[in-house]
Amino acid sequence: MPRPEVKFVTFSIDGREVEAPEGAMLVDGAKYGDVEIPVFCYEPKLGEPVGACRMCLVEIEGIPRLQTACSTPVRDGMVVHTQTERVKEAQNSVVEFLLVNHPLDCPVCDKGGECPLQDITFGWGRGISRMVEPKRHFKKPLELSPLIAIDRERCILCYRCVRFSQEVSEDYQLVLHERGANSFVGTFDGHPYVAPFSGNIVELCPVGALTSRAYRFRARPWDIEGAGSVCTLCPAQCNVEFTVRDERVLRVLARENAGVDDGWLCDKGRFAYQSIHSEERIVQPLVREGDELRAVSWERALEAAAGALAKAKGKVGAIVGGQTTNEEGFLLQRIMREALDSPHIDARATGAAVPLELQRALAAPGLQATVPDLEFAHTVLVLGTDPIDDAPILDLRIRRGVRRHGVKLAVATSRPSALDPNAKLWLRYAPGAEQAFVAALDAALSGADGFDALAEAADADPKALLALAAMLTADSGSADDGAGGAHGGEDVVIVWGERLGVAALPALLNVAARLGLDGRPGAGLLELPAGTNGRGLREAGVQPNAGPGLAEPTQADGKSAREIAAAAAAGELTTLYLLHSDPLREHADRRLWERALERASTVITHASVMTDAIREHATVVFPAESYAEKEGTVVHPDGRLQRLRPAIGRPGMVRSEWQLLTDIAQRIGHDLGVLTGPMATQQLVAAVPFYAGLTLEEIGGRGVRWQEREAAAAAPAAPAGPFDAGTPAPAPMPNGALRLGTFRSIWASTEVEISPALRFLAARQQLEISPADAERLGLVTGDRVEVGADGTRVSATVTLRGNVPAGTIFLGEATAESSATELLGDQPRLVEVRPA
């Protein structure tokens, strides 16, 4: 869908001739003439203006009454006045009325010093009050949720929080109770406001009515500093500003970037900063002595690690976690390949290594969709992923496209998605049948033989598949048939998850080719990797079958993550290097990884928190930096390189990890030639042809998509399709048992578990089951059950979900206890469920 064409018109404001975009609201158009119009309720991100506060009244020639600048669009030749006596009197009165019931408690209010009401009262208020009557009072503060406190006496009824709940996050929990002067904000049913994006209302509130319980009374604006960086807690990579006082992060605010996050944050990104200063954090190097890990000096830890690596030359495997920066991953792959002759390094937690020709085809610059494309495409297909868990902010972007621009949304997943209610079409397939499903979609688009067999292999509804194919191929002229029909249009964006699996990728590329996505602006593919920096690490060469820049490896292909585990369990690899990775928690087949870690003679890890894997198996533990302390770059799923900047000093004995890697390399006898963080970035840029010439200054605070630079022409040539999709194996039939599907909740992470504000959200194992299967098994919501296969059992609490297909259950991965990874192997599983 083409972006709205911007046309500029000329209008007059306070005697100045100003050019502004046609259709822009006056409050925004006035800024082009350096004129400020005060507002409280207006916030463009919330959608259509409501004109609730009346603070923005202006006088427009030809219109007898004062008009709200927030809801009046700019017109050519319009003459506007903001400084007349009528306007001043109206604005003075609005401020006076707002202060009738607002308490004068600025000295103890968290908003004091950064409060729009304070600023506007000084700039547009009378300076005196005629009111002597008692103000209204409420019990305060109340816990609107475990994260947010509400002081209803301060509320000016701007509706921002309610509009966010109803029109942005669409959780519909916040409402206005009562009427008139008795109105107040609350939840519809009186329950706590618990939602993935609830913390945004604190930042939206223009007064001190909504405050963060984690930040409340911690600092005043003149005590703090702001430091911009990037959140690395999920692949969305939202731009953030850390509020810092005395080398401690006290708050995280959104740093709006329209190409990334649109100025929103999920609650994990907003409140998990507390993990940075947790008492559970590892802040000094540890070395195993006997059965215990003991704190040691850096010299001893480095010697122990370097000695073990040198001794195991050729028999080392490295697993790299998603929060690793490009520079750290690049340096580690250099050590593995150049110093240790061990190309066994992987950053993928799911499945086998992706063949290099498929990687190059998927990374073709012309096939890359951007985040804003989700808002303006004709059709968005969400395939094999749920953005609310994998990249939450993209969930909001898709909702905005559907709500504001009429984007046609289709959802094709094995598990019910949070976006199902917004979709024109949603359909399910069996867990593990992704290859068969995408191949069936390809057959439906091409009209090839075998469609029915492929749909059956995927256990998907063939009629729904054909409807999806028709939706994706409808031309733009019929994008809306006037009867609510689901027609796709020319610009199609496919958002797919790494969980889709390697086997499904050839068919996915064939689908993209049939839809003509390559080279079409506003269309393309957008992968959501399992790890935050999954894309950047692959481009930096952190994979077994490709070097930096997706180049041919200089050595024989190494082993993938699962192959590393199998080789270590068999004794073929003797040393494991875990960089920000806990394979017992994050990788499938926990039993295999337990054998691998047990058999390995040395396990070296970088970690910030003690986990079971570290406590039981680690030989050397290096304290890891938090994302607020890191220096380096990461790559957004759409190819945007973003810069991490240190906001605080490192606690205890923590050191920069790029420096740690160079020190290890030197002790092995291999000088990486890196003395500073920027030097590591320069080496990375020189090694990746399509990053050529990129500098940290160019990346700046907003990031740079490498596909939009001239160097993108140096990207490796993508092979021409069509690709051989292979013969998909049919999904296992339940036959009395149940198919096991898995997912990873946004709350399944150590950062959530050790952040006091978020502990109540920490993921606990739940069994998602259809009502039909629950009735057959005699289960109800809240029952405790055991899920078992091959002698392994996982405990869970039953939750009924209406859209779960009969014969299938879902369990969460990466939970602190009873993770579904204990049941996962290299093939789809059938499991049994019985009461605990």
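Guide: Happy to. Taking a salt bridge as a side-chain nitrogen of Lys or Arg within 4 Å of a carboxyl oxygen of Asp or Glu, the count comes to 56 salt bridges. Please keep in mind that this is a predicted model, where local features need pLDDT of at least 70, side-chain atom pairs count only at pLDDT 80 or more, and totals for chains, interfaces and linings use all residues. Residues are numbered from 1 along each chain as its sequence is written, and side-chain values use heavy atoms, with hydrogens and water left out.

Let's begin with Arg403 and Glu170, whose side chains form a salt bridge at 2.9 Å, N to O. This pair links distant parts of the chain, 233 residues apart: Arg403 sits in helix α12 (residues 392–405), while Glu170 is in the loop between α4 (160–168) and β8 (174–177). Helices (H or I, at least four residues) and strands (E, at least two) are DSSP runs, numbered from the N terminus. Arg403 has a relative accessible area of 31% and is partly exposed, whereas Glu170, at 16%, counts as buried; buried means under 20% relative accessible area, exposed over 50%, and partly exposed in between (1.4 Å probe, protein chains only).

Next come Arg538 and Glu527, with a salt bridge of 2.7 Å, N to O. Arg538 belongs to helix α17 (residues 534–539) and Glu527 to strand β22 (residues 524–528), so their pairing ties together parts 11 residues apart in sequence. Both Arg538 and Glu527 are buried.

Glu625 and Lys630 make another salt bridge, their closest N and O atoms being 3.9 Å apart. Glu625 is buried at 7% relative accessible area, and Lys630 is buried at 3%.

Finally, a network of salt bridges links Asp105, Lys140, Asp151, Glu153 and Arg154.
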